[in-house]
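Subject: Structure handover

Hello,

Here is the structure for you to look over.

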Amino acid sequence: MKKIDLDIMGMHCQSCVTVVERALSKLDGVKEAVVNLTTEKATVSFDESKLKEEDIIKVIESKGYKASLIEGEIDLDTETKKRKLEIKKLKRLFYFSLLFAVPAFVIGMVFMWLGIKISYEGYILWILATPVQFVVGSQFYKGMWIALKNKSANMDTLVAMGTSAAYFYSVYAVLFLPGADQYFEAAAVLITFVIFGRLLEAITKGKTSEAIRKLMGLSPKVAIVIRNGKEIKIAIDEVKVGDIILMKPGGKIPVDGVIIEGNSSIDESMITGESIPVEKKIGDKVVGATINKYGSFKFKTEKVGANTTLSQIIKLIENAQSKKAPIQRFADVISAYFVPIVLLIAILTFVLWYFILAKEFSFALIAAVAVLVIACPCALGLATPTAIMVGTGKGAKNGILIKGGDSLEIAHKLKYILFDKTGTITVGMPSVTDLVLIDSKYEEKLLQTAASIEKLSEHPLAEAIVKDAQRKKIKLETATNFKAIPGKGVTANIGKIKYYFGNLKLMNKYDIDVSSIKNRIFKLEEQGKTVMILVSGGKFEGLIAVADTIKNTSKSAVEALQKMKIQVYMITGDNERTAKAIAKQAGIDNVFYEVLPEDKVNYVKKLQKKGKVGMVGDGINDAPALAQADIGIAMGSGTDVAMETGNVVLMKNDLEDVPKAIKLSKITMAKIKQNMFWALFYNSVGIPIAALGLLNPMIAGAAMAMSSVSVVSNSLLLKLKKL
């Protein structure tokens, strides 16, 4: 069984996706065919003994689309260029269309309202509407032709039929019915609207490749390899499994491996999301693209190229996003039935009046055109995009960046929300939370001593203690004989007194009995805090607890979601005790702890079997889960990759914006449904009246315009809603 990826050009809506998928699925030998409208790609699994790649491409092209094989890794630069060219082309078409549509609208509608008459008005409007109809509108005719060949109908069919009816009747009116109403401006304005919608859609595409490009940029380009006893700088692509790599302070680790000499503190926030660097020694594994903070060490490579953890995260994002089914637009579903019915009614109307009731040709034609004009999809086409534009605009004003209509359509259906811990529920930076006196009499003295010692350390926990002392304007003393014991703590002298400052492992190393204070330590640890003990001359001076505290709005956000009947979960790579302590503070009952990035995706998938899932995170390690979730919500203070992968970005980093985003989705969808009702209401009432010959095209055009006005006005009412 072979799997290939294909680039497909020419798809505009869900109907196109259905046509391609059906055609591929019917091929003997195809096991699975998945077509993604957003990325304009298809993934096909097939039996090589029965099919060739060329056969698959031919079938796609026979349906009216262009297809090409993607060989090797996706060239992101080529993808970007292709996307930019598409946007540039649509911009040109939109401005070109606007150039003719605006004067056509002014002459055809505004002048009519003002009672202004100009000579040769019909011919001027004909000249203005023709370039829009056949240059800009050519893509709709092509789309309609493809749909007809495949025995289906889509929005292209509606646009082409509606505008053609208005345009060609207007040509007939100008030539053969002097003084009759014409609808050139209606056709031109409608096409301009639709092109504008497609331009906005094209701009929002391509987020996947941007996220992946940023991930690829994390990996260093070169590595220092030791070969034949010499240090050699080589390109990362030349690194092999088994190579010995030298790491210096501040450098990025190029590939995955295991330490064979030395020790260091590694910032693994890229992978784990945890803000506190991890102490590493001989035998510990290191991950490519993480940052070596302070020490020097050598490690033996175990995974290179596509097998590294970073490459696997990239692959997870690609897979999650490619499997995400495009939202099937309600308007496209309606069009599949609506268009053939309208066409049939128009033909029957003409036949009835002309051949059966023996009315004049012009009367029969006007009645048939009235049916098509009243059925013109202007309101139907505007129903969703106008509400989404107003909804996303309102979100942006409130610091909620929503990347597209799909996100607004799904968010209100969420049944589960998963919150990442570090940087999402918590602040993401350690700070001093408790000063516990034992033998020391003053908190200030305890903090002064600890900060004076830790001033010489570069560990993040030490930095938190020093910052707390500086904030309280405590004058620090001079420490000597400083020694750091990785993963345990530090020792130093202040004056003639020797101090030990660190965790229980440090106490055990120097045989210091801590049994009398263990209960106090455990009590603090159960609250999710890291506890350090200060000892001098056999006396316990006190305990200092440092923790990553929860944000002020975390608990209220969780409560708001629970009131919406949404089940809230916390997911983290942290240990059970810390995870449960933080979850308790935030009011969360469901906790997944000690979870790796790839497992976060699996937890999302498990919950998706029960309902729609939203994932809230801020780190690169959250990106695969953000992509897999039905809605990925990224914090604005997080990594670029998380923000690119998320469907929604909270620019204010306020978790209370999560329930607000869901409420925004709910009220926007309500508006879309109302808009759909009004759009269809005009058609449902107008078509029978038009078919009975009681509605001339002018009134039909006015009704069509009114339906559009009502839809846009209704969408604008969203601005008055409170989140």
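Lysine 529 is buried, because its relative accessible area is 15% (buried means under 20% relative accessible area, exposed over 50%, and partly exposed in between, with a 1.4 Å probe and protein chains only). The model is predicted: local features need pLDDT of at least 70, side-chain atom pairs count only at pLDDT 80 or more, and totals for chains, interfaces and linings use all residues. Residues are numbered from 1 along each chain as its sequence is written, and side-chain values use heavy atoms, with hydrogens and water left out.

The side chain of lysine 529 meets that of aspartate 434 in a salt bridge, at 2.6 Å from N to O (a salt bridge is a side-chain nitrogen of Lys or Arg within 4 Å of a carboxyl oxygen of Asp or Glu). This pair links distant parts of the chain, 95 residues apart: lysine 529 sits in the loop between helix H19 (518-525) and strand E20 (530-536), and aspartate 434 in strand E16 (residues 431-437). Helices (H or I, at least four residues) and strands (E, at least two) are DSSP runs, numbered from the N terminus.

The structure holds 16 salt bridges. In another of them, lysine 298 pairs with glutamate 261 at 3.9 Å, N to O. Lysine 298 belongs to strand E13 (residues 297-303) and glutamate 261 to strand E8 (residues 256-262), so the pair ties together parts that are 37 residues apart in sequence. Lysine 298 counts as partly exposed at 25% relative accessibility, and glutamate 261 counts as partly exposed at 44%.

Lysine 612 and aspartate 630 also form a salt bridge, with their closest N and O atoms 4.0 Å apart. Lysine 612 is in strand E24 (residues 612-617), while aspartate 630 is in the loop between helix H23 (623-628) and strand E25 (631-635), 18 residues apart. Lysine 612 is partly exposed, with a relative accessible area of 33%, whereas aspartate 630 counts as buried at 17%. Salt bridges with shared partners join Asp420, Lys600 and Asp622 into one network.

Lastly, lysine 280 lies in strand E10 (residues 278-280) and counts as buried at 12% relative accessibility. A polar atom of the lysine 280 side chain is 2.9 Å from the backbone oxygen of lysine 285. Not counting residues up to four places away in sequence, lysine 280 touches Ile259, Asn263, Ser264, Ile266, Glu268 and Lys285 (contact means heavy atoms within 4.5 Å).

Regards

Definitions and conventions. A polar contact is a pair of N or O atoms within 3.5 Å; within protein, one must be able to donate a hydrogen and the other to accept it, and residues adjacent in sequence count only if both atoms are side-chain atoms.
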